[in-house]
Amino acid sequence: MQGLFGIITPSGLHFERHHQGWHDVDPSKHRLMINGLVRTNAVFTMDDLMRLPSVSRIHFIECGANTGMEWGNVAVPTVQYSHGMLSCSEFTGVPLKEILDMCGADYGKGRYVLAEGADGSSMTRTIPMELIESGEVFVAYGMNGEMLRPENGYPLRLVVPGVQGVSWVKWLRRIEVGDKPWATKDEAVHYIDLMPDGLHRQYTSVQECKSVITTPSGGQLLLDKGFYNISGMAWSGRGRITRVDVSTDGGINWREARLETPVLSKAVTRFNIGWVWDGKPAILQSRAVDETGHVQPSYGQLRKVRGTRSIYHNNAIQSWKVVESGEVSNVQVL
């Protein structure tokens, strides 16, 4: 992450998360089944899908466990380890609502869909129908101008903007329309939030407003005093980023950073701000705000609500400490 520019992640550097390895699919034999609360069950080939009108949209995808190791204390040294399960790409495919319309989906009773993958784990996830009715969810076969790569779901994956990556089911083979959540293994037992009182919070899939400074960041070295460009990424699963503030003194004072275009909904936004380092210790932080008004919390604020024993959905402010030698390291500021 610290070596990237702009907002697009090159396909070869896209993060990978698999539940039983990636699956080698012959596209000529791959099928997408639509069943459940629909008028007509249907099976689509890849040729069928690629003949339909397509859309191309830029969105981020983030694993729900991104930054998960940092819940209780500093655990990893660099931004690649702390925030690296995040990518932003241009995806191309067919809106799922268009496919469901062709099959006569019952939008009155059918308020959820089940997405199923063809990998070894048969990954299955419940998606609320209102996300699909918005037109944002689509069945993708392309990424960054080329076909999906095998490790990213070739030949077909679901794109669910703003929602944790596990719901972007890869090697997609079936969509079932139903009247209630399925409570599958990976949403009833995994990808849940352990709250301070011991209860598990389920179906918290939206990735909240978050940002991180990628340079200077942990493991890097400032060679001398003087001017530096502080740069990073901000994103929110609830819409556009509207503001990013940057602090160089551990959150005592904040300055508004420049948001570089394009600023897109549910996509990474690049921010930059100038800083003159005087050679003294500093703590660098970024704090994002999205169009819903959500402000990225500090670790102290987040832990008051979520505790320290969780794994998923950590969107706390990241801090990088700069010492007199110019070395940058990971620290936590409450």
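Strands S17 and S18 (residues 269–277) run antiparallel and are joined by two bridges. This is a predicted model: local features need pLDDT of at least 70, side-chain atom pairs count only at pLDDT 80 or more, and totals for chains, interfaces and linings use all residues. Residues are numbered from 1 along each chain as its sequence is written, and side-chain values use heavy atoms, with hydrogens and water left out.

- Helices (H or I, at least four residues) and strands (E, at least two) are DSSP runs, numbered from the N terminus.
- Two strands pair if DSSP finds at least two bridges between them.
- Strands of a sheet pair through backbone hydrogen bonds, either parallel or antiparallel.
- S17 and S18 belong to an open sheet of four strands, ordered S13-S14-S18-S17, with antiparallel pairing.
- Strand S13 (210–215) and strand S17 (258–259) are the edges; each has a single partner strand, so one side of each lacks a neighbour in the sheet.
- Arg258 has Asn272 of S18 as its bridge partner.

**Sheet with S15 and S16**

- A five-strand open sheet has the order S16-S15-S19-S20-S21, again with antiparallel pairing.
- Its edges are strand S16 (255–256) and strand S21 (328–331); each has a single partner strand, so one side of each is left without a neighbour in the sheet.
- Strand S15 (residues 241–247) pairs with S16 in the antiparallel sense over two bridges.
- Asp245 has Glu256 of S16 as its bridge partner.

**Aromatic pair**

- The structure has three aromatic pairs. Rings of Phe, Tyr and Trp (its six-membered ring) pair if their centres lie within 6.5 Å; planes under 30 degrees apart count as stacked, over 60 as edge-to-face and the rest as tilted.
- One of the pairs is Tyr228 with Trp275, which is tilted, at 6.5 Å centre to centre and 45 degrees between the planes.
- Tyr228 sits in strand S14 (residues 226–235) and Trp275 in strand S18, so the pair ties together parts that are 47 residues apart in sequence.
- Both Tyr228 and Trp275 are buried. Buried means under 20% relative accessible area, exposed over 50%, and partly exposed in between (1.4 Å probe, protein chains only).

**Cysteines**

- There are zero disulfides in the structure. A disulfide is a pair of cysteine sulfur atoms within 2.5 Å.
- Cys63 is in no disulfide: the nearest cysteine sulfur, in Cys88, is 16 Å away.
- Cys63 is buried, with a relative accessible area of 5%.
- The sulfur of Cys209 lies 15 Å from the closest cysteine sulfur, that of Cys88, which is too far for a bond.
- Cys209 is also buried, at 0% relative accessibility.

**Largest pocket**

- Rolling a probe the size of a water molecule over the atoms shows where empty space is left.
- On a 1 Å grid over the protein atoms alone, a cavity is a set of points where a 1.4 Å probe fits but cannot get out; a pocket is an open set with protein on both sides within 12 Å along at least five of seven lines; lining residues have an atom within 4 Å of a point.
- The largest pocket holds about 420 Å³ of space. A volume is the space filled by probe spheres set on the grid points, which are joined across faces, edges and corners.
- Its lining has 24 residues, and Tyr203, Thr204, Ser205, Val206 and Arg238 are the closest to its centre.
- Strand S6 (124–128) and helix H6 (299–306) each supply at least two lining residues. S6 gives the largest share, four residues.
- The pocket lining has 11 nonpolar, seven polar and six charged residues. Ala, Val, Leu, Ile, Met, Phe, Trp, Tyr, Cys and Pro count as nonpolar, Asp, Glu, Lys and Arg as charged, and the others, Gly among them, as polar.

**Cavities**

- There are three cavities of 30 Å³ or more.
- The largest cavity has a volume of about 210 Å³.
- It is lined by 22 residues, with Arg17, Arg157, Gly165, Val166 and Lys170 nearest its centre.
- The lining of the largest cavity divides into nine nonpolar, seven polar and six charged residues.
- The second largest cavity holds about 80 Å³. Its lining residues include Cys63, Val206 and His313.
- That lining has two nonpolar, six polar and three charged residues.

**Ser56**

- Ser56 is in strand S3 (residues 55–62).
- Ser56 is partly exposed, with a relative accessible area of 43%.
- Its C-alpha atom is 8.8 Å from that of Met143, 87 residues apart along the chain.
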